Amino acid sequence: MATIQDPLYVKLCAKLASKLSISLASARNQVDQAAAKEGKRDVQTRRALVQSMLDALDRSGNDRVANLNSLLKNSEGNGNFILED
């Protein structure tokens with residue numbers, strides 16, 4: 001049987017996934033890997049790691065959606081760019 005997941009941890013991972021434009025599983029994987037590097041696997045440490053990642057993204061002001069939009073606009077003039085498949 002699968003273990004019961006901490007709702008706050010899942011919510012924080014969902015916010016991280018949204019900000020990074022990745023899947024929830026990928027976001028959780030990133031947090032799990034960071035926790036493993038520190039040698040700590042408890043839920044409190046993982047929550048703190050997710051929160052620090054979110055804070056770092058907020059401080060950097062790096063808007064990945066805006067970056068993707070600008071890349072798509074620049075690529076439309078390229079002959080190899082396919083808008084629809």
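This briefing describes the helices of one protein, their packing and the core between them.

The model is predicted, so local features need pLDDT of at least 70 and side-chain atom pairs count only at pLDDT 80 or more, while totals for chains, interfaces and linings use all residues. Residues are numbered from 1 along each chain as its sequence is written, and side-chain values use heavy atoms, with hydrogens and water left out.

**Overall make-up**

- The protein has 4 helices and 0 strands, where helices (H or I, at least four residues) and strands (E, at least two) are DSSP runs numbered from the N terminus.
- Along the sequence, the pattern reads α-α-α-α.
- Of the 85 residues in the protein, 19% are buried; buried means under 20% relative accessible area, exposed means over 50%, and partly exposed lies in between (1.4 Å probe, protein chains only).
- Among the contacts in the protein with a separation of 6 or more, 40% join residues 24 or more positions apart; a contact means heavy atoms within 4.5 Å.

**Helix α3**

- Helix α3 covers residues 43-60, which is 18 residues, and its end C-alpha atoms are 26 Å apart, in agreement with the 26 Å that it should span at 1.5 Å a residue. The expected span of a helix is 1.5 Å times one less than its number of residues.
- The residues T45, R46, L49, V50, L54 and L57 of α3 are buried.
- The cover over these buried residues includes α1 (7-20) and α2 (24-38).

**Packing of α1 against α3**

- The axes of α1 and α3 lie 10 Å apart, and the two helices pack at an angle of about 30 degrees. Axes are lines fitted to C-alpha atoms, for helices over the stretch in contact, and angles run from 0 to 180 degrees between N-to-C directions.
- That angle makes α1 roughly parallel to α3, because angles under 35 degrees count as roughly parallel, over 145 as roughly antiparallel, 65 to 115 as roughly perpendicular and the rest as oblique.
- The crossing of α1 past α3 is left-handed; a crossing is left-handed if the near helix is turned anticlockwise from the far one by less than a right angle, and right-handed if clockwise.
- Among the residues that make this contact are L12, L16 and K19 of α1 and R46, V50 and L54 of α3.
- Residue L54 touches L12, K15, L16 and K19, not counting residues up to four places away in sequence.

**Packing of α2 against α3**

- The axes of α2 and α3 cross at roughly 115 degrees and come within 10 Å.
- Here the crossing is right-handed.
- The contact is made by residues including V31, D32 and A35 of α2 and T45, R46 and L49 of α3.

**Nonpolar core**

- The largest nonpolar core has 14 residues, and those with the most contacts inside it are Y9, C13, L16, V31, L49, V50 and L54. Such a core is a set of buried Ala, Val, Leu, Ile, Met, Phe, Trp, Tyr and Cys residues joined through side-chain atoms within 4.5 Å.
- Two or more residues of this core come from each of α1, α2 and α3, and α1 gives the most, with 6 residues.
- In soluble globular proteins, nonpolar side chains tend to be buried together.

- Residue R46 is part of helix α3 and counts as buried because its relative accessibility is 18%.
- The contacts of R46 are Y9, V31, D32, A35 and R41, leaving aside residues up to four places away in sequence.
- Residue Q33 belongs to helix α2 and is partly exposed, with a relative accessible area of 47%.
- Q33 and R46 are 13 residues apart along the chain, and their C-alpha atoms are separated by 9.9 Å.
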